[in-house]
Amino acid sequence: MAALSAMQMDTLVSEAEAAKSKERKRNALVLLLRYLHDNGYADSASGLQHESSVSLEQFDAADNVTLEKIFLDVEEHHISAFGHAPKLFRRVGAALEMEGSGGGGSGGGGVQGGGF
């Protein structure tokens, strides 16, 4: 009987984790849709809505939440915890070829925020 109860509990936990993961993905889509819409990327927003079946008519970001604010919060937390800004993306392509060619340097491939 205890084994059955443990299995039921494991199933409930797995279902709750799957539901939370699905909710996180939807939340990310909603924030991205709002960002695209607010910054004039209407065609991209429309395409994403079509592909994801998530629309700003169904869900929208809370008034005090934006994608940019989330990035700022992550950056501030990382700076306070580790003393430097997080590396959110890295260069690819030609920059990697130069790094791998033995031209010296620190060998790090990351680029901190911005730099477009």
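This is a predicted model: local features need pLDDT of at least 70, side-chain atom pairs count only at pLDDT 80 or more; totals for chains, interfaces and linings use all residues.
I would like to start on the surface, where Ile70, Phe71, Val74, Leu88 and Phe89 form a nonpolar patch with about 400 Å² of accessible area together. A patch here gathers residues with over 30% relative accessible area and no salt bridge, nonpolar side chains (Val, Leu, Ile, Met, Phe, Trp, Tyr) being joined within 5 Å and like charges within 9 Å. Accessible areas come from the Shrake-Rupley method with a 1.4 Å probe, and for residues only the protein chains shown count as cover.

Residues are numbered from 1 along each chain as its sequence is written, and side-chain values use heavy atoms, with hydrogens and water left out.

Which element gives the patch its largest share? That is helix α3, residues 67–82, which contributes three residues; helices (H or I, at least four residues) and strands (E, at least two) are DSSP runs numbered from the N terminus. Phe71 lies in this helix α3 and is partly exposed, with a relative accessible area of 44%, where buried means under 20%, exposed over 50%, and partly exposed in between (1.4 Å probe, protein chains only).

Turning to the chain as a whole, there are four helices and two strands, running α-α-α-β-α-β from the N terminus on. Buried residues make up 13% of the 116 residues, and the accessible surface comes to about 9100 Å², of which 56% belongs to carbon and sulfur atoms.

The structure also holds four salt bridges, each defined as a side-chain nitrogen of Lys or Arg within 4 Å of a carboxyl oxygen of Asp or Glu. In helix α3, Asp73 and Lys69 meet in a salt bridge at 3.2 Å, N to O; they are four residues apart and therefore separated by about one helical turn. Asp73 is partly exposed at 34% relative accessible area, as is Lys69 at 39%. Elsewhere, salt bridges that share partners join Arg34, Asp38 and Asp60 into one network.
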